[in-house]
Amino acid sequence: MVGSLPWRLGRFCIVVRELDSETGQERACHLLAALASRRKDLLPAIGAAGGVEAVLEALRDYMTVAAVVQRALGALKALTAADELREAVVSLYGAEAVIAAMGAHARSARIQDRGATVLANAAFGSEVRKRRIGRSGGLDAILAAMRAHARDEETAARCCLAVRNLTFRSQVNQYLGGRAGGVPTILDAMRRFPANAQLQYQAVVALSNLSVDDKANRAAIVGGGGGRHGRRRRWYVRSHIRFSRVRHVRRQRNKKKSGRTARGNPGVQRGRSTCRWCRRDKDANVWGKEAGERLVQPRWPARAFARLCL
């Protein structure tokens with residue numbers, strides 16, 4: 001139907017592809033990012049209209065223009081919130097384009113931040129996508145961004161999140177991340193920003209994922225600083241798993257003594273229990289994904305979106 005929403009989105013994506021100016025591509029990617037962030041229900045329609053192809057084409061054509069690359073990565077960050085669009089981005093060689101953009105603009109902290117976020121979202125929930133991104137040099141680009149912007153807390157936290165997602169249940173990426181210097185780079189970020197709780201948490205989970213199936217990474221974590229600090233770092237890495245498991249066992253034992261069960265626990269029924277071991281899903285391992293991976297949801301203030309649409 002002419003004038004319907006899918007038709008208008010399709011026409012918009014065609015216009016984005018036909019724009020030849022840098023300013024037009026930058027504004028079009030900016031508007032698409034705002035639309036995808038504010039209207040999550042439109043993500044399937046944007047994907048069907050060719051929004052992913054249009055953004056990737058703009059990213060490749062204007063790889064040397066920092067402003068266009070930044071807006072295109074922002075649009076990909078918003079689009080990868082949907083699983084089908086994550087698959088489309090990786091299948092269209094979007095991960096390789098993002099890695100190339102991060103290498104071409106190594107001095108831009110904003111581009112490194114958004115590029116790491118796009119890779120983290122693209123790897124979420126799929127071992128195939130994780131292996132493809134890792135073998136394409138994604139972990140090398142992320143760790144290089146952490147080393148190049150060692151004084152930027154936000155970039156370090158985003159890169160730790162990307163390492164966390166890429167190495168979760170992926171032995172190949174654990175090996176690649178360890179050989180690329182992931183353990184000392186993350187430990188250095190933890191030493192630089194001890195007061196940043198978000199960075200510390202992301203770094204701890206990233207180190208935990210790196211050391212699950214790789215003995216060399218475990219040895220690097222334990223002996224990262226040598227001497228008396230080795231055991232402390234190892235305790236940091238394993239405490240968030242060990243203590244939650246201990247609390248779960250004690251809670252179940254106390255309930256058994258008092259005649260209560262986990263099924264009768266009102267906190268579990270409402271889904272508000274603080275124990276992640278009680279929130280297991282029989283059909284899908286949801287609790288494992290919550291512990292090892294995280295999807296970054298884009299945020300767009302309503303006032304900024306209203307100004308953009310004027």
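This is a short tour of a predicted model, stop by stop, with something to select at each one.

**Stop 1: the whole chain**

Show the protein as a cartoon. There are 19 helices and 0 strands. The protein has 310 residues, and 48% of them count as buried. Now think about contacts between residues at least 6 apart in sequence. Of these, 72% join residues at least 24 apart.

**Stop 2: the largest nonpolar core**

Which residues touch the most other members of the largest nonpolar core? Select Leu59, Leu76 and Ile186 to see them. The core holds 68 residues. Its largest share comes from H11, which supplies 8 residues.

Stay on leucine 59. Leave aside its neighbours within four places in sequence. Leucine 59 is then in contact with Val69, Ala72, Leu73, Leu76, Ala97, Val98 and Ala101.

**Stop 3: H8 against H11**

Two packed helices are described by the angle between their axes and the distance between the axes. Select residues 109-123 for helix H8 and residues 153-167 for helix H11. Their axes are 8 Å apart, at an angle of about 20 degrees. Angles under 35 degrees count as roughly parallel, so H8 and H11 are roughly parallel to each other. Their crossing is left-handed.

Which residues make the contact? From H8, pick Ala109, Gln112, Asp113, Ala116, Thr117, Ala120 and Ala123. From H11, pick Glu154, Thr155, Arg158, Cys159, Leu161, Ala162, Asn165 and Leu166. Colour them by class. You get 8 nonpolar, 4 polar and 3 charged residues.

**Stop 4: glycine 115**

Stay in helix H8 and select glycine 115. Is glycine 115 buried or exposed? It is buried, because its relative accessible area is 0% and buried means under 20%. Beyond its neighbours within four places in sequence, glycine 115 is in contact with Leu73, Val98 and Met102.

Next, draw a distance from the C-alpha atom of glycine 115 to that of alanine 145. The two are 30 residues apart along the chain, and the separation is 9.7 Å.

**Stop 5**

**Stop 6: leucine 207**

Move to helix H14, residues 197-210, and pick leucine 207. Its relative accessibility is 1%, so leucine 207 counts as buried. The C-alpha atoms of leucine 207 and cysteine 160 are separated by 8.9 Å, although the residues are 47 apart along the chain.

**Stop 7**

Most residues other than glycine have a negative phi. Here are two with a positive value.

Select tyrosine 93, in the loop between helix H6 (83-91) and H7. Its phi is about 60 degrees, and it is not a glycine. Tyrosine 93 has a relative accessible area of 53%. Exposed means over 50%, so tyrosine 93 is exposed.

Finish at arginine 169, in the loop between H11 and H12. Phi of arginine 169 is near 55 degrees, a positive value. Arginine 169 is partly exposed, with a relative accessible area of 43%.

Notes
Residues are numbered from 1 along each chain as its sequence is written. This is a predicted model: local features need pLDDT of at least 70, side-chain atom pairs count only at pLDDT 80 or more; totals for chains, interfaces and linings use all residues. Side-chain values use heavy atoms; hydrogens and water are left out. Axes are lines fitted to C-alpha atoms, for helices over the stretch in contact, and angles run from 0 to 180 degrees between N-to-C directions. Helices (H or I, at least four residues) and strands (E, at least two) are DSSP runs, numbered from the N terminus. Angles under 35 degrees count as roughly parallel, over 145 as roughly antiparallel, 65 to 115 as roughly perpendicular and the rest as oblique. A crossing is left-handed if the near helix is turned anticlockwise from the far one by less than a right angle, and right-handed if clockwise. Contact means heavy atoms within 4.5 Å. Ala, Val, Leu, Ile, Met, Phe, Trp, Tyr, Cys and Pro count as nonpolar, Asp, Glu, Lys and Arg as charged, and the others, Gly among them, as polar. A nonpolar core is a set of buried Ala, Val, Leu, Ile, Met, Phe, Trp, Tyr and Cys residues joined through side-chain atoms within 4.5 Å. Buried means under 20% relative accessible area, exposed over 50%, partly exposed in between (1.4 Å probe, protein chains only).
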